[in-house]
Amino acid sequence: MEMTLRWFGSQFDTVTLKQIRQIPGVTGVITTLYDTTPGEVWTREKIRALKEEVEASGLHISGIESVNIHDAIKIGSEDRDLYIDNYIETLKNLGEEDIHLVCYNFMPVFDWTRTELARVRPDGSTVLAYTQEAIDALDPEKMFASISGDANGAILPGWEPERMAKIKELFALYKDVDDEKLFANLKYFLERIMPVCDAYNINMAIHPDDPAWSVFGLPRIIINLENIQRMMKMVDNPHNGVTFCAGSYGTNRENDLPTMIRALKGRIHFAHVRNLKFHSDDNFEEAAHLSSDGDFDMYEIMKALYDIEFEGPIRPDHGRMIWDEVAMPGYGLYDRALGATYLNGLWEAIDKSQKRG
Ligand code: CS2
Ligand code: MN
């Protein structure tokens with residue numbers, strides 16, 4: 001595996017490449033062209049400029065998170081081919097710049113959903129949190145407004161303000177899209193992009209729906225092992241793989257994370273490793289990465305990745321806001337750096353104990 005950190009680009013991130021370079025064991029970044037909108041072609045010039053900036057700092061681009069999918073593709077509307085053509089063009093340009101990993105998601109309307117961006121934990125840190133009760137009491141049109149006040153001025157990934165302004169229309173467009181339709185639209189998209197992925201050896205890594213169940217009555221399909229296996233079988237190509245996000249699959253306590261990892265051997269192209277603390281099945285908050293701070297056994301998660309000989313990038317996922325840092329919720333420097341260091345420590349211990357038998 002390679003330890004990496006997500007970075008949103010110098011215009012948008014409070015964390016610098018220099019800081020990332022100084023986290024022991026972190027050699028790559030997972031990044032994006034944050035100022036592009038879903039559906040737009042990423043030009044080679046822009047990709048190359050990003051790459052050169054990252055490489056000048058002594059790091060390299062380990063993958064892209066995300067190239068977002070235009071709603072027309074998820075809805076399956078008549079103009080979807082145009083947006084798929086653009087996506088293919090972007091993949092080609094990435095491939096030509098020697099980038100071979102693309103994370104994306106297929107969630108309708110909202111990307112990840114949280115009801116609080118700054119819940120205070122007993123140690124005074126703040127974290128993202130979710131309660132079903134709050135969702136049930138909320139008008140989806142007010143979702144964005146209800147959380148954006150706590151965003152520390154940042155643009156939240158997956159919550160493009162232009163899209164959020166059209167929430168009502170978006171919901172109307174998705175009204176006939178159920179799980180089956182969404183699966184069919186995903187299949188159509190994957191079938192069309194696989195040739196370019198084969199040509200440039202690009203691993204597509206779908207990110208799970210977060211939380212791993214339907215919110216506001218919208219369909220959600222990337223939620224458990226059964227559905228991921230269905231997705232991989234319907235377009236059976238090793239380039240059609242997954243981002244194993246522990247914190248997203250783990251929202252559903254029926255998902256046994258180490259077992260899922262073992263079952264997905266060979267098709268996990270990217271891993272997000274983080275921990276959650278539950279107060280009940282549908283009230284949880286994001287904890288420090290350390291096992292004892294939350295409810296996941298992080299050793300078992302890393303051990304499963306080790307056992308399947310996982311070679312792709314791992315990144316700590318959302319971190320807590322600590323030490324008075326002001327940053328995009330979930331994406332400060334300090335707690336993610338602690339997370340990376342801890343995960344690297346687990347990996348070293350597993351590796352040495354394995355080799356010494
Ligand atoms: C998530 C997502 O992993 C995460 O940080 O909260 O925003 C994720 O980046 C996207 O769903 C991937 O497309
Ligand atoms: Mn994730």
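## A buried arginine to start with

Let's begin at R315, which counts as buried because its relative accessibility is 0%, under the 20% cut-off used for that word. This residue sits in strand β12. Keep in mind as you explore that you are looking at a predicted model.

What does R315 touch, leaving aside residues up to four places away in sequence? Its contacts include T4, L5 and R6, together with I30 and E65. F270, A271, H272, V273 and Y331 complete the list.

Are H272 and D317 buried or exposed? H272 counts as buried, at 0% relative accessibility. D317 is buried as well, with a relative accessible area of 2%.

## Helix α2 and its buried face

Now turn to helix α2, which runs over residues 44–56 and has 13 residues. From its first C-alpha to its last it reaches 18 Å, close to the 18 Å expected at 1.5 Å a residue. Its buried residues are I47, L50, K51 and V54. Looking down the axis of α2, you would find these buried residues within an arc of 100°, so they line one face of the helix. As a rule, an α-helix has 3.6 residues a turn, so residues three or four places apart point the same way.

What do the buried residues of α2 pack against? Their partners are α1 (17–21), β2 (26–31), β3 (60–65) and α4 (80–96). On the other side of α2, E45 and A56 are exposed. After the helix comes G58, whose phi is positive, near 90°.

## Contacts around I147

I147 is found in helix α6, which spans residues 143–148. With a relative accessible area of 1%, I147 is buried. Setting aside residues up to four places away in sequence, I147 touches W112, R114, T115, L117, L156 and W159. The C-alpha atoms of I147 and R114 are separated by 8.0 Å, although the two residues are 33 places apart along the chain.

## Open and enclosed spaces

The largest pocket has a volume of about 520 Å³. Its lining is made of 43 residues, and those nearest its centre are Y34, N68, P157, G158 and E160. At least two lining residues come from each of α4, β4 (101–105) and α7 (161–164). Which element gives the most to this lining? That is α4, with four residues.

How many cavities of 30 Å³ or more does the structure hold? There is one. The largest cavity has a volume of about 100 Å³ and is lined by 13 residues. N68, K74, N105, G158 and R163 lie nearest the centre of this cavity. Among them, N68 and G158 are also listed nearest the centre of the largest pocket.

Notes. Residues numbered from 1 in each chain as written. Chains lettered and ligands numbered in written order. Predicted model: local features only at pLDDT ≥ 70, side-chain atom pairs only at ≥ 80, totals over all residues. Heavy atoms only, no water. Expected span 1.5 Å × (residues − 1). Buried < 20%, exposed > 50% of the residue type's maximum accessible area, 1.4 Å probe, protein only. Arc of directions from axis to C-beta. Contact = heavy atoms within 4.5 Å. 1 Å grid on protein atoms, 1.4 Å probe; cavity = no way out; pocket = protein on both sides within 12 Å on 5 of 7 lines; lining within 4 Å. Points joined across faces, edges and corners; volume = space filled by probe spheres on them.
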